[in-house]
Amino acid sequence: PGRATQVERTDQPRVPEPTAPGVALWSVAGQWVLAGAYLQDGLGLPGGADVYDESDGNDAFYIYSFKILPVLQINDKISMKGEIRFDDRTVFGDGTSSGAGASSRDADFKHVYMEWVSPWGKTRFGRTPAGAWAGNFMNSSGQGDRLMWWPNMLPENWGTLLFTQKIVEADAGGSDLSIPSINDQSDGDVDGYYVDLSYKASFGRTIAALWMVRNAVSEVADSALTTTQFRLYGNYDFSPFNIEYELNYDFGDGRPEPGFTNASDRSALGFHLDGSMKWEDFTFGGLFFYMSGDDDPTDNDSNAMFGSANGVGKDYNPYQIMTGDYMNMLNCDNPLSIAAGNGCCSPIFFAQGSSGVWSLGAYTKFAMSPQISFTGEIGYFAAPDQPSGWDSDMGWEFGLGMDYKVMDNLTYNAHFSYLAAGDFFKGDDSTNDTSNVYLLAHALSMKF
């Protein structure tokens, strides 16, 4: 099902020029989504694809979301921005809408931050959009406390971004003064540091970045873990061809594996490649992605890029079932099922360390008119680091979709997907049954 994405809109509301000094101006953008789904062999979380043949029940549900993105333009240099959720994937009939308690319907101020265009570049301070980087692969966008700076002194076509993020504040005291572990530490923070360098050419953009996390709240006594991720992203339009790629490589320290007290050696890889060609009203493309796993969680070598917390990325949805929201498969974006203990990826991927994942697929799009388009995709999935004795085949997914632009601000889409589950889901017993799954989903989305 479609959802009101947490990624900051690139088409920020246009703010008119101030008519006089000191005159503040408001502008608002937003999105409302109503989505419904019917999942054959669903686990009722809601969602949760039953590839293990555990349930004979089906799952049908509706959800809705509404958010606004206000901008208060103080003057031509300073603005206040934010994101407010009035409903965030609320399920019809779950009590939030009909319940008497007003607290269950409070607005959620996800982002609140100030932007200042200074003589030295743009800066941004506050609870900003966080997690997202470049394309959607491996992105799980949310919010973070950041100090950000885009310097403006580089040559033409070159750009850079620097920021620091306070992930955990522990050594400055906490709200519960009765917990010594929060207040007595001389160094107990988790801090992130980011720097990138980008170049924009006529055919596209390339970004190289380093993201370093220093974790002093760790299992390693009297020491801090420092993990670094190298990132490389490119998106090039060589009409009629388009290429997008992303590489993420972790190195440095990792958390100790079971039985160890010293930092593990971190070495993990994620890669995504999307190539497409446009021909008249048709688009044809191929998609490949890979995330390393770790089938030996006892050697203190941390090699898994594919983890249970984020999977392939909560923003990454090339397939409706295997990487779809609410399916509890490779994408773990199902906040509605956390109370059921299955809010992230299926635990079968982490039965022994991490299975990792790779996928190869193809897709097409036909723009029949400016209002109507049709899509189709097929993808194969496998585990590069499955446990010993397991099959690596996760299965095939097929999908067909339709998008209808009702008017400029209103869009309706419908999609059918079918997953032929592979023998990987039998686990270590080849006599276990698996279940193929199909999904019918549609959504009505309004943006302003």
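## Salt bridges

Aspartate 88 and lysine 110 are joined by a salt bridge, with N and O 3.9 Å apart. The model is a predicted one. Aspartate 88 belongs to strand 3 and lysine 110 to strand 4, so this pair ties together parts that are 22 residues apart in sequence. Lysine 110 is buried at 9% relative accessibility, whereas aspartate 88 is partly exposed at 27%. Aspartate 88 also meets arginine 89 in a salt bridge, at 3.2 Å from N to O. Arginine 89 is buried, its relative accessible area being 5%.

A further salt bridge joins lysine 166 and aspartate 191, whose closest N and O atoms are 2.6 Å apart. This pair links distant parts of the chain, 25 residues apart: lysine 166 is in strand 7 and aspartate 191 in strand 8 (residues 190-201). Aspartate 191 is buried, with a relative accessible area of 10%, and lysine 166 is partly exposed, with 31%. Through shared partners, salt bridges connect Glu83, Arg85, Asp88, Arg89, Asp108 and Lys110 in one network. The count of salt bridges comes to 14.

## A buried aspartate without a salt bridge

Aspartate 294 sits in the loop between strand 13 and strand 14 (301-302). Aspartate 294 is buried but has no salt bridge. Arginine 266 is the nearest side chain of opposite charge, and lies 6.8 Å away; a salt bridge requires a nitrogen-oxygen distance within 4 Å.

Which backbone nitrogen lies 3.1 Å from a polar atom of the aspartate 294 side chain? That nitrogen belongs to aspartate 296. Leaving out residues up to four places away in sequence, aspartate 294 touches Glu257, Asp301, Ser302, Asn303, Ala304, Gln352, Gly353, Ser354 and Asp385.

## Nonpolar cores

The largest nonpolar core has 44 residues, of which Met329, Phe349, Met394 and Phe425 touch the most other members. Two or more residues of this core come from each of strand 1 (25-39), strand 2 (59-73), strand 13 (282-291), strand 18 (410-421) and strand 19 (437-447). Another core lies apart from it and has 11 residues, including Phe163, Tyr194, Trp211 and Val213.

Beyond its neighbours within four places in sequence, methionine 329 contacts Ala49, Val51, Ile321, Met322, Cys345, Ser346, Phe349, Leu419 and Phe425.

## Aromatic pairs

The whole structure contains 32 aromatic pairs. One of them, tyrosine 62 with phenylalanine 92, is tilted, at 5.9 Å centre to centre and 35 degrees between the planes. Tyrosine 62 is in strand 2 and phenylalanine 92 is in the loop between strand 3 (78-91) and strand 4 (108-118), so the pair ties together parts that are 30 residues apart in sequence. Tyrosine 62 is partly exposed at 37% relative accessibility, and phenylalanine 92 is partly exposed at 49%.

Phenylalanine 163 and tryptophan 211 form a tilted pair, with ring centres 5.8 Å apart and planes at 45 degrees. Phenylalanine 163 lies in strand 7 (residues 158-168) and tryptophan 211 in strand 9 (residues 204-215), so parts that are 48 residues apart in sequence are tied together by the pair. Phenylalanine 163 is buried at 8% relative accessible area, and tryptophan 211 is buried at 15%. Ring pairs also link Phe306, Phe349, Phe350, Trp390, Phe424 and Phe425 into a cluster.

Terms used:
Residues numbered from 1 in each chain as written. Predicted model: local features only at pLDDT ≥ 70, side-chain atom pairs only at ≥ 80, totals over all residues. Heavy atoms only, no water. Core = buried A, V, L, I, M, F, W, Y, C linked by side-chain atoms within 4.5 Å. Buried < 20%, exposed > 50% of the residue type's maximum accessible area, 1.4 Å probe, protein only. Helix = DSSP H or I, 4+ residues; strand = E, 2+ residues; numbered from the N terminus. Contact = heavy atoms within 4.5 Å. Lys, Arg positive; Asp, Glu negative; His and termini not counted. Polar contact = N/O pair within 3.5 Å; in protein donor to acceptor, adjacent residues only side chain to side chain. Phe/Tyr/Trp six-rings, centres within 6.5 Å; stacked < 30°, edge-to-face > 60°.
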